[in-house]
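Have the viewer open while you read.

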2 protein chains.
Amino acid sequence: MAYRLHYWPTIQGRGEFVRLALEAAGAEYVDVARQSPAKGGVEAALGRSLQDPKNPRASFAPPFLVDGEVVVGQTAAILLYLGSRLGLAGEVDGLWTHQLQLTIADAVAEAHDTHHPISVDAYYEDQRAAALERAKAFREERMPKFLGWFEQILQRNPAGDLHLVGSALTYADLSLFQLVAGLRYAFPKATARVLADTPLVSKLHGNVSRRERVHAYLQSPRRIAFNEEGIFRHYPELDG
Amino acid sequence: MAYRLHYWPTIQGRGEFVRLALEAAGAEYVDVARQSPAKGGVEAALGRSLQDPKNPRASFAPPFLVDGEVVVGQTAAILLYLGSRLGLAGEVDGLWTHQLQLTIADAVAEAHDTHHPISVDAYYEDQRAAALERAKAFREERMPKFLGWFEQILQRNPAGDLHLVGSALTYADLSLFQLVAGLRYAFPKATARVLADTPLVSKLHGNVSRRERVHAYLQSPRRIAFNEEGIFRHYPELDG
């Protein structure tokens with residue numbers, strides 16, 4: 001039976017980390033909210049499902065994944081669940097793969113907060129002064145620290161520097177690709193500078209994007225373009 | 001062999017979620033950086049270990065746990081690893097327990113950012129204006145949303161409303177206790193208001209604190225007091 005992914009239909013967002021794993025593995029899945037209304041699509045159904053008082057395990061927020069009787073929320077927990085099933089968790093060390101994913105999640109949350117440093121419930125325009133400051137700290141301190149750490153993980157991988165875990169693709173590689181893709185979109189100038197100092201991260205980003213299934217996915221209409229409603233937003237003033 | 005927990009020696013911080021699980025299970029462990037220098041204690045060793053180029057799996061940041069050959073970083077991944085070993089992961093559904101933990105981690109990160117909305121590398125005093133705004137949004141929107149969600153999880157637990165998962169203690173209960181304890185310390189007035197609307201969360205906090213091993217731990221010198229170096233800081237101006 002096809003996996004059913006529930007996520008906002010108009011942004012990549014956190015759901016994209018799950019979409020990439022499903023696509024890279026060639027797994028059968030339905031992106032529920034992007035279906036036609038007749039098939040249960042549309043955003044309203046997503047909200048209703050989270051609010052359903054008969055759902056004892058409604059996620060705090062999308063995405064969540066339905067696999068038969070199993071319902072899992074939180075991006076990293078979804079990938080923990082899918083990783084072993086899709087052959088994307090590393091041959092021997094799923095826990096290390098998961099640890100990398102959680103660190104990517106931390107970086108994603110900080111990237112998001114560059115444009116919403118005060119409140120997720122207020123407009124960017126109403127917190128722009130703080131955003132300018134937070135984005136500066138992110139570009140100058142946090143982005144180099146995070147990508148530098150992943151560079152070091154690649155350097156020290158005993159199986160070679162082409163993958164984060166072992167010598168085959170894991171969901172951590174896919175997620176690092178997505179993090180770099182998002183940073184390049186949001187902060188093109190700053191990210192180019194940091195990637196010049198993290199060549200293995202840059203190479204991994206390129207390699208993942210050229211994998212056959214990933215490449216096909218990125219060219220397809222299934223891939224939502226980055227936009228200013230998602231996690232990674234391009235506001236030129238935040239790129240310094 | 002005793003577990004070895006590596007974390008900053010003078011704050012509860014994220015390490016406290018691990019300490020609580022070890023203490024509640026009565027597990028043998030060494031809080032390495034709090035040992036005497038002769039036994040390998042002190043903060044400097046913590047930094048050296050993270051920077052060690054021979055360590056291929058150095059965490060991005062503390063805490064990390066060493067169990068023989070296994071080294072695990074990221075609080076939620078440590079608890080995932082320990083949960084099944086300590087009998088704290090829920091009888092049947094470790095993934096759900098983990099999902100709850102990840103949501104607690106999100107709430108903890110947001111609580112931290114109330115006093116550091118611009119940069120973790122700058123002083124609170126230098127970002128106080130933004131902190132006042134962010135703390136207001138946290139008190140009025142995010143804290144009720146997070147604790148309200150946990151209230152709903154307790155209400156809907158088919159095994160009863162005393163635990164988040166099933167009918168026995170899990171690390172998610174311990175972590176929710178710690179989240180509430182931290183919020184009560186940092187925002188006493190706002191948290192009292194929110195807890196009045198989330199009586200099951202409030203009851204869980206009290207019940208966990210009275211468990212024999214947890215109570216003994218909380219009274220012991222092993223429990224570091226909350227202070228203004230940690231995640232949960234009491235700056236009265238941020239409590240509205």
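Chain B holds an open sheet of 4 strands with mixed pairing, in the order β2-β1-β3-β4. (Strands are DSSP E runs of at least two residues and helices are H or I runs of at least four, numbered from the N terminus; two strands pair if DSSP finds at least two bridges between them.) The edges are β2 (29–31) and β4 (70–73) of chain B, each pairing on one side only. On average, neighbouring strands here are turned by 20 degrees against each other, direction ignored. Angles come from lines fitted to C-alpha atoms, for helices over the stretch in contact, and run from 0 to 180 degrees between N-to-C directions.

Strand β1 (residues 3–6) of chain B pairs with β2(B) in the parallel sense over 3 bridges, and Arg4(B) stands opposite Val30(B) in β2(B). Lying across β1, β2 and β3 (64–67) of chain B is helix α1 (residues 15–24), which runs at about 160 degrees to β1(B).

All of this is a predicted model: local features need pLDDT of at least 70, side-chain atom pairs count only at pLDDT 80 or more, and totals for chains, interfaces and linings use all residues. Residues are numbered from 1 along each chain as its sequence is written, while chains are lettered from A and ligands numbered from 1 in the order in which they are written.

How do the chains meet? 30 residues of chain A are in contact (C-beta atoms, placed from the backbone, within 7 Å) with 30 residues of chain B. The largest share of chain A's side, 8 residues, comes from α4(A).

These elements of chain A each supply at least two residues to that side:

| Element | Residues |
|---|---|
| β4(A) | 70–73 |
| α3(A) | 75–86 |
| α4(A) | 94–113 |
| α5(A) | 128–156 |

A rotation of 180 degrees with 0.0 Å of shift along its axis superposes chain A on chain B, RMSD 0.0 Å. The two copies are thus related as by a two-fold rotation axis. Of chain A's residues, Pro117(A) comes closest to the axis, at 2.9 Å (C-alpha).

Now for helix α6 (residues 171–186) of chain A, where Leu174(A) is found. Leu174(A) is buried (the cut-off is 20 or more other C-beta atoms within 10 Å), because 28 lie within that distance. Leaving out residues up to four places away in sequence, Leu174(A) touches Leu20(A), Ala21(A), Ala24(A) and Val208(A).

Notes
Buried ≥ 20, exposed ≤ 12 C-beta atoms within 10 Å, placed from the backbone. Contact = placed C-beta atoms within 7 Å. Least-squares fit on C-alpha atoms with pLDDT ≥ 70 in both.
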